[in-house]
Amino acid sequence: GYAQLAERVRIYETMRANILEKESNNQLGGRVLLDANERVVNELIMLEKKHELELGLKNISHFQVAQHFFRSFEKVGNTTLFRYLKMMPKGGVLHAHDMALCSSEFLLSLTYHEHLWICVVKSEMQEYQMLRFSLLQPQSEESCEWSLLSTLRQSTLSDVVDKKLLEQLTMYPLEQFPNEDAVWKRFRSIFRLVVGLLTYAPVWSEYIHKALEEFYADGVQYLEIRSVLPIVSALLLIA
């Protein structure tokens, strides 16, 4: 009767609770006991997580984790929860490519080094295809023409050049990628553009140092770099 059904439900709930507890204990960090200060921090983080979830339940457009990363990452960075997490120590980055370690803004700053040439595609779009350090103008490619980047910034408004360079160093704007092939085409073009910038020894040294600073600022304690071991030139090329 009813009493037997209630007993079975109680047994089921007890068994289920035991299984969930065992799973929780077997998770990474499941057996770690928090001290008083850590419990306070954990409570603050959980409050913010619940707050973010409540916003999402009220309006899905406010639930950042349900949005495309390209559209939501700036908003995520402005949340209280992200600020808490940014200050906390992290574990490790186990897969970071050597040509993709630093922020795009820092890569742009590296293009202000002297003797840097840029190959501009011969089209109305005036896209940038390659970068190269050289004392003399490199030989023009079939699809683009070399210009000294500092001269290009003088002949064209520097902020216009920088805006286009920054656009080509990132995967934005999202509207440019209607399909996966377009995404991979841009992805490959980014590395083609930066390899000539980063394989100049003074720039490479500055780049690696900045990368370590950025990871340290994010609280990363361990970093594994996947490197193609590029040939780095200590001298300026003479085309």
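Trainee: How many bridges join strand β2 to β3?
Mentor: Five. Strand β2 covers residues 116-121, and β2 and β3 run antiparallel. Keep in mind that this is a predicted model.

Trainee: OK. Which residue in β3 is the bridge partner of Trp117?
Mentor: Arg132 is the partner of Trp117.

Trainee: And the bridge partner of Cys119 in β3? Which one is that?
Mentor: That one is Met130.

Trainee: Is β3 mostly covered or mostly open?
Mentor: Mostly covered. Five of the six residues in β3 are buried.

Trainee: Let's zoom out. In what order do the strands of the open sheet come?
Mentor: The order is β3-β2-β4. Three strands form this open sheet, and their pairing is antiparallel.

Trainee: Which ones are the edge strands?
Mentor: β3, residues 128-133, and β4, residues 144-148. Each of these pairs on one side only.

Trainee: What does the twist average from one strand to the next?
Mentor: The twist averages 25°.

Trainee: New topic. How many salt bridges does the count come to?
Mentor: Four. Let's walk through some of them.

Trainee: Good. Which residue does Glu7 form a salt bridge with?
Mentor: Glu7 forms one with Arg10. The closest N and O atoms of this pair are 2.6 Å apart.

Trainee: Where do Glu7 and Arg10 lie?
Mentor: Both are in helix α1, residues 2-26. They sit three residues apart, which is about one turn of the helix.

Trainee: Is Glu7 buried, exposed or partly exposed?
Mentor: Glu7 is partly exposed, because its relative accessible area is 35%. That value falls between the cut-offs of 20% and 50%. Arg10 is also partly exposed, with a relative accessible area of 44%.

Trainee: What about Lys86? Which residue does it bridge to?
Mentor: Lys86 forms a salt bridge with Asp218. Their closest N and O atoms are 2.8 Å apart. This pair links distant parts of the chain, 132 residues apart.

Trainee: How accessible are Lys86 and Asp218?
Mentor: Lys86 has a relative accessible area of 38%, so it is partly exposed. Asp218 is partly exposed too, with a value of 33%.

Trainee: Switching to the backbone. What is the phi of His115?
Mentor: It is positive, about 65°, although His115 is not a glycine.

Trainee: Where does His115 lie?
Mentor: His115 lies in the loop between α5 (104-110) and β2. His115 is partly exposed, with a relative accessible area of 34%.

Trainee: And what is the phi of Leu229?
Mentor: Leu229 has a positive phi of about 50°, and it is not a glycine either. Look for Leu229 in the segment after β5.

Trainee: Is Leu229 buried or exposed?
Mentor: Exposed, because its relative accessible area is 69%. The cut-off for exposed is over 50%.

Technical notes
Residues are numbered from 1 along each chain as its sequence is written. This is a predicted model: local features need pLDDT of at least 70, side-chain atom pairs count only at pLDDT 80 or more; totals for chains, interfaces and linings use all residues. Side-chain values use heavy atoms; hydrogens and water are left out. Two strands pair if DSSP finds at least two bridges between them. Helices (H or I, at least four residues) and strands (E, at least two) are DSSP runs, numbered from the N terminus. Axes are lines fitted to C-alpha atoms, for helices over the stretch in contact, and angles run from 0 to 180 degrees between N-to-C directions. Buried means under 20% relative accessible area, exposed over 50%, partly exposed in between (1.4 Å probe, protein chains only). A salt bridge is a side-chain nitrogen of Lys or Arg within 4 Å of a carboxyl oxygen of Asp or Glu.
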